[in-house]
Every structure is written in C-alpha cells, then in structure tokens.
Amino acid sequence: MLPGVGIFGSGKLVNFLVSSLREKGFKIVGVWDINDEVAKESAERLSIPFFTSDIDTLVLRKEVQLIVICCPPHIHSQIVVKSFNVGKHVLSDWPIALNSQDVRQMVKAATYYPSLISVICQPFRFIRTFQLMRTLVTAENYVGDVTIVKAEISGNRLLDLGDRYSVKCDHYMGGGLLTNIGSHFIDIISFVTDLKAKSVHGILRTYSRETDHISMFRRTTVDTFCNFQMEMD
C-alpha cells in the first residue's frame, strides 16, 4: 500500500506534483502553506481534504507517511528534521537549505533513521545530455583531468521575481541566482565529473534592487550576479 502524502507548499510545482502523484496511486492527505487562506484555497482547488498553516499539524497527522516539501528553503530544515523524528519519509525540492548548518542537521537526521527514504530533487542529472557528458568525462577521459570548474550566472529574468514582493526577492528567505540556479550548476558539475569540491570561492552581487513592480519602500536583496570557481578533488 502506498503511503499517504502531506505536501508543504502551494505553488505551480505543487499543482503538477499532486496530479502526478495521484496518477501513480498516491493519496494526497493534506497541504500546508504559511498563509492559512492560501492553504485553504489550494486544498479546495486541488480537492485535498485537509489544510493547515501549522507545520507540526501536518507532520504529525497519522495518515501521512510521506512528506513532500515544495516551500521556501529557509524552513526546509525544520520540516525535514521533524519529519524524520516522527518516522516520515521525505522528498524535498531544491535548494535543500540556505546554509551548511541546516544541511548538516538534515543529513544527521536522515542518517539516524536509515530505514526512512530521504530524497533531494535535483532533476537535471537525469537528462540524457548530462548523462552522456558524465560518460565522456569520467569513462572516456574526454577533457582530461578536471581540477577547476568556473561558472557565471547573471540576469534578473532567470529569477522570475514576479509582479509583487515575495520570498523570491529576499536573500535570507531563499531568493537569488546562487540558491535557485547555482545549486543546479553545482550538482551537475559534481555529477558530470564524479568529483567533490575541495575548495570554493566566488562573488555575489545585487546590481538591480528594483523592478517595474518592486520599488519604493521594498527592494530586492537577492544576488543578480553570481560567479564562482570550484577546485575539484
């Protein structure tokens, strides 16, 4: 019997996930959003029987055995750790967290409960092109020994800040190029080379603090330029 699913989040990705999970036979038990009205609207629109704006209420719900996390990354850690502590499986969207301390807490919790499934969604490594690149780099030595990889990302359009101020505009809540785009670069680099970063240095800059829709009293604090180098080992 497939586990009941509790979903954290209410964006476009949740719409897709609910449809896909139901096609595979999963039952969606409940949905969470930090805003109770948004959670209610999502539940009604997606025909989900239960909604809440309290993390513990959904995590502790008896019918929920699998937690799916699609909410802003600054609260991923507390959801993941609480879920493992009460015996729930976890599937988390990227980026997994905003700092190494939160990541260590989640890894420690996952390691402590090895019978539970813990998955971070980094989908690009499953694209055929990157799998071919991995074969060329690791098995056929196509580019020789990889020691340093450099990446540069820039542009407001990649961030999709929207027409109103949100967590996407706030560096401390999970916005920015490094968090949202760079995390995929780092995963692909590690996957293609089959190496880990020994040292990293880079530059983050916010060159545009206003948009056509965000100005005056509120300004974006996210990085709109990201440049980093990874020394591989």
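The model is predicted: local features need pLDDT of at least 70, side-chain atom pairs count only at pLDDT 80 or more, and totals for chains, interfaces and linings use all residues. Residues are numbered from 1 along each chain as its sequence is written, and side-chain values use heavy atoms, with hydrogens and water left out. Helices (H or I, at least four residues) and strands (E, at least two) are DSSP runs numbered from the N terminus.

**Helices H4 and H5**

- The axes of helix H4 (residues 76-85) and helix H5 (residues 100-112) come within 9 Å and cross at roughly 15°; axes are lines fitted to C-alpha atoms, for helices over the stretch in contact, and angles run from 0 to 180 degrees between N-to-C directions.
- H4 is therefore roughly parallel to H5, where angles under 35 degrees count as roughly parallel, over 145 as roughly antiparallel, 65 to 115 as roughly perpendicular and the rest as oblique.
- The crossing of H4 past H5 is left-handed, a term used if the near helix is turned anticlockwise from the far one by less than a right angle.
- On H4, the contact (heavy atoms within 4.5 Å) involves His76, Ser77, Val80, Val81 and Phe84, and on H5 it involves Asp102, Gln105, Met106, Ala109 and Ala110.
- The contact of H4 with H5 has 6 nonpolar, 3 polar and 1 charged residues; Ala, Val, Leu, Ile, Met, Phe, Trp, Tyr, Cys and Pro count as nonpolar, Asp, Glu, Lys and Arg as charged, and the others, Gly among them, as polar.

**Helices H6 and H7**

- Helix H6 (residues 128-139) and helix H7 (residues 177-193) have axes that come within 7 Å and cross at roughly 45°, and the two helices are therefore oblique to each other.
- Phe130, Gln131, Met133, Arg134, Val137 and Thr138 of H6 meet Ile188, Phe191, Val192 and Thr193 of H7.
- By class, the contact of H6 with H7 comprises 6 nonpolar, 3 polar and 1 charged residues.
- Thr193, in helix H7, counts as buried because its relative accessibility is 12%; buried means under 20% relative accessible area, exposed over 50%, and partly exposed in between (1.4 Å probe, protein chains only).
- Apart from neighbours within four places in sequence, Thr193 is in contact with Val137, Thr138, Val146 and Met232.

**The sheet E7-E9-E8**

- An open sheet of 3 strands has the order E7-E9-E8 with antiparallel pairing; two strands pair if DSSP finds at least two bridges between them.
- Strand E7 (148-154) and strand E8 (197-205) are the edge strands, each pairing on one side only.
- The twist from one strand to the next averages 10°.
- E7 pairs with strand E9 (residues 225-232) over 7 bridges in the antiparallel sense, and Glu152 has Asn227 in E9 as its bridge partner.
- H7 packs on this sheet, touching E7, E8 and E9, and its direction makes about 25° with that of E9.

**Parallel strand pairs**

- E1 (residues 4-8) is mostly covered, with 5 of its 5 residues buried.
- Gly4, Gly6 and Phe8 lie on one side of E1 and Val5 and Ile7 on the other, and both faces are covered.
- E1 pairs with strand E2 (residues 27-32) in the parallel sense over 5 bridges; the bridge partner of Phe8 in E2 is Trp32.
- Strand E4 (residues 66-69) is joined to E5 by 4 bridges, and the two run parallel; Leu66 has His89 in E5 as its bridge partner.
- Strand E5 (residues 89-92) has a covered face, Val90 and Ser92, and an uncovered one, His89 and Leu91.
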